Amino acid sequence: MIGKRQEYERMHATEQSLWWYRSLHRRVAHTLTQRFGERKDLVILDAGCGTGGLLESLRQQGYQRLEGFDASEDAVAFSRERGFEVAFHNLLAVESYHPTRTYDVIICNDVFCYLNDSQIIQILKEFRRRLRPGGVFITNNNAFSWLGGTHAVALKISKRFVLSELTAYAQQAGFHVWKGGYWSFLLFPPIAVVRSWQNLQLKRGWVNAETLSSDVHLPAAPVNQLLNGCMKLEETLLPLAPLGSSVYTVMEVTHG
């Protein structure tokens with residue numbers, strides 16, 4: 001998808017409205033409040049920021065010391081047009097991204113699915129080095145390999161995760177998992193049914209994998225509003241669940 005300007009324009013529009021992104025952005029904001037109270041002077045890095053949707057959400061809530069990077073020139077240009085400090089940079093070379101800068105919060109959402117285990121651990125070690133005392137690393141990732149479906153094939157996603165894997169990565173990189181669990185629990189049954197059906201279609205060759213597109217799209221406004229309401233309810237009653245289509249993890253530096 002790198003290099004497709006129109007695709008990023010569509011992605012940005014979706015990220016502003018889709019129930020899933022809105023829930024994720026609320027979860028990140030809630031984590032910041034839980035950890036740091038009402039502080040708005042936090043220095044925050046979004047590694048793999050895409051079109052800057054999360055940066056925009058955080059800016060709207062009063063956070064101003066925001067920056068990010070992405071491996072797509074189009075995504076970077078799109079973010080810069082809206083006034084964000086965003087650089088063109090590859091996550092695999094994160095050690096060369098302003099090597100002396102440190103952060104209160106580093107965020108890396110839905111990028112690890114394109115990396116292998118050793119790459120993830122190496123990146124986590126660098127993030128650990130860059131965190132200020134008391135800082136946290138936040139990462140959201142897609143969960144459970146069997147939930148891949150046509151979405152994973154279309155976007156060439158090579159990996160989905162369980163919490164125990166992320167906990168193991170954290171330990172190897174010198175982190176401790178401060179908070180971790182799954183979300184979209186209330187919608188897990190229909191998601192599981194749809195993705196299982198898609199997996200069967202792929203296995204039987206009933207669909208052409210070469211022409212697939214992601215099944216993630218903005219539904220009709222009433223449906224999107226209903227799903228967003230479901231997520232708000234879940235965020236209140238069960239913010240981190242035992243099952244879900246995404247796994248959300250907050251890591252802090254291990255001391256001693």
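Modeller: Here is a run through the labels, with each value set against its rule.

Biologist: Before that, what are the ground rules?

Modeller: This is a predicted model, with local features needing pLDDT of at least 70, side-chain atom pairs counting only at pLDDT 80 or more, and totals for chains, interfaces and linings using all residues. Residues are numbered from 1 along each chain as its sequence is written, and side-chain values use heavy atoms, with hydrogens and water left out.

Biologist: What makes a set of residues a nonpolar core, and how many residues does the largest one have?

Modeller: The set must be buried Ala, Val, Leu, Ile, Met, Phe, Trp, Tyr and Cys residues joined through side-chain atoms within 4.5 Å. Buried means under 20% relative accessible area, exposed over 50%, and partly exposed in between, with a 1.4 Å probe and protein chains only. The largest such core has 69 residues, and Leu-91, Leu-124, Phe-127, Phe-137 and Phe-175 have the most contacts inside it. Helix H2 (residues 19–36) gives the most to this core, six residues. Helices here are DSSP runs of H or I with at least four residues, strands are runs of E with at least two, and both are numbered from the N terminus.

Biologist: What is Phe-175 in contact with, leaving aside its neighbours within four places in sequence?

Modeller: Contact means heavy atoms within 4.5 Å. On that rule the partners of Phe-175 include Leu-124, Phe-127, Leu-131, Phe-137, Met-251 and Val-253, and also Arg-128 and Glu-252. Phe-175 also belongs to one aromatic cluster with Phe-112, Phe-127 and Phe-137.

Biologist: Why is the pair of Phe-144 and Phe-188 called edge-to-face?

Modeller: Rings of Phe, Tyr and Trp (its six-membered ring) pair if their centres lie within 6.5 Å; planes under 30 degrees apart count as stacked, over 60 as edge-to-face, and the rest as tilted. The centres of Phe-144 and Phe-188 are 6.3 Å apart and their planes are at 65°, so the pair is edge-to-face. Phe-144 is in the loop between strand E5 (131–142) and helix H6 (149–154), while Phe-188 is in helix H8 (residues 188–204), 44 residues apart. Both Phe-144 and Phe-188 are buried. The rule gives a count of 12 aromatic pairs.

Biologist: Which charged ends sit over the ring of Trp-178?

Modeller: The test asks for NZ of Lys or CZ of Arg within 6 Å of the ring centre and within 35 degrees of the ring normal. The charged end of Arg-35 sits over the Trp-178 ring, 4.8 Å from its centre, and that of Lys-179 does too, at 4.9 Å.

Biologist: How do you know that Glu-235 and Arg-26 meet in a salt bridge?

Modeller: That label takes a side-chain nitrogen of Lys or Arg within 4 Å of a carboxyl oxygen of Asp or Glu. For Glu-235 and Arg-26, the N to O value is 2.9 Å. The two link distant parts of the chain, with Glu-235 in helix H9 (residues 221–237) and Arg-26 in helix H2, 209 residues apart. The structure holds 13 salt bridges.

Biologist: Is Arg-26 buried, partly exposed or exposed?

Modeller: Arg-26 has 24% relative accessibility, so the label is partly exposed.

Biologist: What ties Asp-104 to Arg-132?

Modeller: Their side chains meet in a salt bridge, 3.6 Å from N to O. Asp-104 lies in strand E4 (residues 103–107) and Arg-132 in strand E5, so the pair ties together parts that are 28 residues apart in sequence. Asp-104 counts as buried because its relative accessibility is 7%, whereas Arg-132, with 28%, is partly exposed. Salt bridges that share partners join Arg-39, Asp-41, Asp-104 and Arg-132 into one network. Within it, Arg-39 and Asp-41 have their closest N and O atoms 2.9 Å apart.

Biologist: Why is Gln-201 called buried?

Modeller: Gln-201 has a relative accessible area of 18%, so the buried label applies. Gln-201 is found in helix H8.

Biologist: And why is Gln-64 called exposed?

Modeller: Gln-64 has 54% relative accessibility, so the label is exposed. Gln-64 is found in the loop between helix H3 (53–60) and E2.
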